[in-house]
Amino acid sequence: MQTLNYRFPARGVATHPIHVGVVASGDLEILLEPPGDDGDGVVVRVRTSVDGFDTVWHDVLERFFTRTPLAGRWELNDFGATPGVVNLRLRQASEAAGTAS
Amino acid sequence: MSELLAGQTWQELLARPSFIELDALGRADALLDPGSVRVLAGPFDRLESPWLEPQGITPQADDGTVVARGTVDGRPVVVTAIEQGFLGGGTGEVSGAKISQALLLAAEDSRVGTPTAAVILFETGGVRLQEANLGLNAVAEICSAVLDLRPHAPVIGVVAGTVGSFGGMSIAAGLCTRLIVTPQARIGLNGPAVIEQEGGVDEFDSRDHTLIWAVDGGGQRHATGLADVLVPDDSNLLRAAVVDAIRAGVPEPGRHRSERLDVLASRLAVYDPATAPSPGDLPALWGGSYEPVPASSQPAAAKASDPPATRGRSWLAALSRGATVEAIIPSVLSATTPDARYLAVVPDPDNRFYRARQGQVGLTESLALAQAVHDVIEADRSAERRAIVAVVDLPSQAYGRYEEMAGLHQAMAATTDAYHAARVAGHPVVAVVVGSALSGGFLTHGLQANQILALDDPGVEIHAMHQAAAARITLRTVDELDELAKTIIPMSYDVKNWAKLGFCDGLLTVSNADDPTPADVELVGAAITEAVRRARVGPRDLSNRLDSDAAATTRKASRRVRDVLARQWNPGS
């Protein structure tokens with residue numbers, strides 16, 4: 001298991017907590033909360049069961065947050081999701097954050 | 001696959017809103033009245049398991065169990081839904097505490113005038129082996145909490161699939177007021193892979209799916225009276241079945257399946273592995289309702305072999321100090337003194353259930369223990385409640401195909417129910433672990449006690465599963481398990497570490513655990529007397545396992561679950 005931390009610049013802000021997904025094989029859960037004391041950008045912590053994919057994670061997250069720069073604390077608990085699944089879950093979370101709570 | 005239609009046409013099957021395809025929250029949502037759902041101890045409370053990250057396993061923020069309050073048909077209900085995707089739905093410290101504490105809060109409300117039913121969505125492979133002994137104890141606490149709530153409000157079990165219900169949690173399923181299943185569901189005590197590991201592929205071929213569903217499947221459990229309602233995988237129909245079950249309320253005392261020792265006894269009297277019954281024979285043999293079956297003229301087995309000397313046998317005789325040791329059945333011994341009844345499960349080389357010959361807790365052992373405990377409760381109804389001392393030395397539960405066919409989980413539920421009934425009625429129940437205390441065997445005979453004592457001896461082993469089987473199930477090697485057990489104390493096979501988990505009421509050092517000396521007997525006897533005294537003045541539930549000094553350190557996560565759920569139980573607080 002590996003814990004990875006990333007930061008990206010942001011424009012919009014998540015206004016309420018969002019939870020999507022399950023830590024099931026090939027899947028991940030995402031907890032998104034409004035920005036805290038650690039700044040108003042995108043703050044991501046990834047805990048993944050698969051070691052050694054730091055670069056892939058960085059690239060997947062950078063591409064997503066370049067298009068969707070939504071500030072907040074993003075926690076990803078991953079159980080071997082592919083980049084495609086990660087992208088779908090990130091979109092699901094950001095879309096839910098865009099709707100009224 | 002017409003059996004999966006369960007009465008539906010294929011058009012209905014295609015148009016149905018599937019329940020199985022939903023995650024845990026989706027399932028809770030599908031059962032509760034629209035708009036009434038309130039999730040307690042949810043992901044943002046971050047009650048994740050403290051034991052997984054150190055083992056390199058990604059935790060889930062709600063530990064894979066959803067607790068949701070709401071109404072069903074306008075009545076207050078709490079749903080506890082296990083997420084089958086997360087670690088196979090295994091019961092860990094946190095996920096287990098969420099279920100038991102939710103049930104206890106429902107019981108509290110029900111006792112003071114707001115009957116609050118519970119629905120448990122079982123999708124679990126059993127105890128989460130990465131948290132072994134804490135998971136095993138969590139299951140004991142869940143069973144106890146089901147029994148605490150059941151007299152006041154219905155506890156509805158739902159097994160939808162596809163994981164099904166296995167391990168100790170199936171004992172909890174066997175305690176439910178009503179059990180609802182789908183054709184995709186499975187219910188069993190030992191899962192197929194574990195039986196194959198322990199008993200070989202001839203005993204159970206875990207790759208044979210037809211066999212698995214013939215033995216454990218929802219259809220078979222329903223056809224043999226071990227489940228009450230069989231519905232197809234359709235959210236609307238499952239909700240309708242839950243509504244019906246809640247409307248039906250609480251049955252009269254004595255009518256729960258786990259209280260029907262008469263039925264269990266009559267079923268086992270006509271069931272013999274020597275005749276090699278097949279799963280298909282059972283519905284005709286036993287019938288689909290859980291009512292006594294007529295006796296057959298089956299001859300009693302002739303006794304031949306001398307029983308081997310074991311710790312259980314020696315300690316039972318020594319501790320009961322000269323009281324006559326009586327064999328309720330050859331594998332269950334009892335000795336009754338003026339103030340206590342001692343019970344032990346021992347090897348019986350001639351046991352007709354050949355998978356229970358080495359002292360495992362099997363079908364007939366579960367029944368005999370339950371009867372013995374109920375006899376004491378009955379005899380002391382208007383007298384001082386005598387103590388019940390479970391002398392524990394058992395290799396495990398019986399891992400066998402015939403055991404699973406008959407529903408070992410249901411037999412064990414009867415024993416669990418009996419020990420709980422004794423404890424609640426005011427009998428001090430004390431478990432003394434003198435040898436191995438493994439898994440479902442210990443859940444059945446020992447873990448419902450008010451007080452648990454154990455000998456501090458290398459021959460004493462308390463765990464959720466034999467190491468070889470645990471290695472197979474968790475895809476690790478035995479060496480890896482040994483290494484992990486050094487730092488993850490609930491995984492340790494060393495009784496000294498078990499004693500740190502919060503539910504050991506005495507670790508006793510003796511000079512000869514195999515053949516106790518008079519001084520050893522004196523020491524353990526005095527510890528039992530003291531434990532009985534503590535049990536008489538202490539709580540009759542299992543709360544002391546969370547309030548002990550050791551629990552304050554080791555079970556911090558469980559205690560947080562208790563606090564968070566209590567705080568969030570009522571809205572707006």
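Two residues are in contact if their C-beta atoms, placed from the backbone, lie within 7 Å. The views show a predicted model, in which local features need pLDDT of at least 70 and side-chain atom pairs count only at pLDDT 80 or more, while totals for chains, interfaces and linings use all residues. Residues are numbered from 1 along each chain as its sequence is written, and chains are lettered from A in the order in which they are written.

**View 1. Contacts within chain A.** Among contacts in chain A between residues at least 6 apart in sequence, 83% join residues at least 24 apart. Chain A has 2 helices and 6 strands (DSSP runs, H or I of at least four residues for helices and E of at least two for strands, numbered from the N terminus). Their order from the N terminus is β-β-β-β-β-α-β-α.

**View 2. The contact between chain A and chain B.** Chain A brings 15 residues to this contact and chain B brings 13 residues. On the chain A side, β4 (28–33), β5 (42–48) and β6 (70–78) each supply at least two residues.

**View 3. The two domains of chain B.** Domain 1 covers 2–185 + 222–253 and domain 2 covers 311–536; these bounds come from an automatic or database domain assignment. The C-alpha centres of the two domains of chain B lie 28 Å apart.

**View 4. Where the domains of chain B touch.** In chain B, 25 residues of domain 1 are in contact with 27 residues of domain 2. On the domain 1 side, α4 (132–149) and α5 (169–175) of chain B give two or more residues. α4(B) gives the most to that side, with 11 residues.
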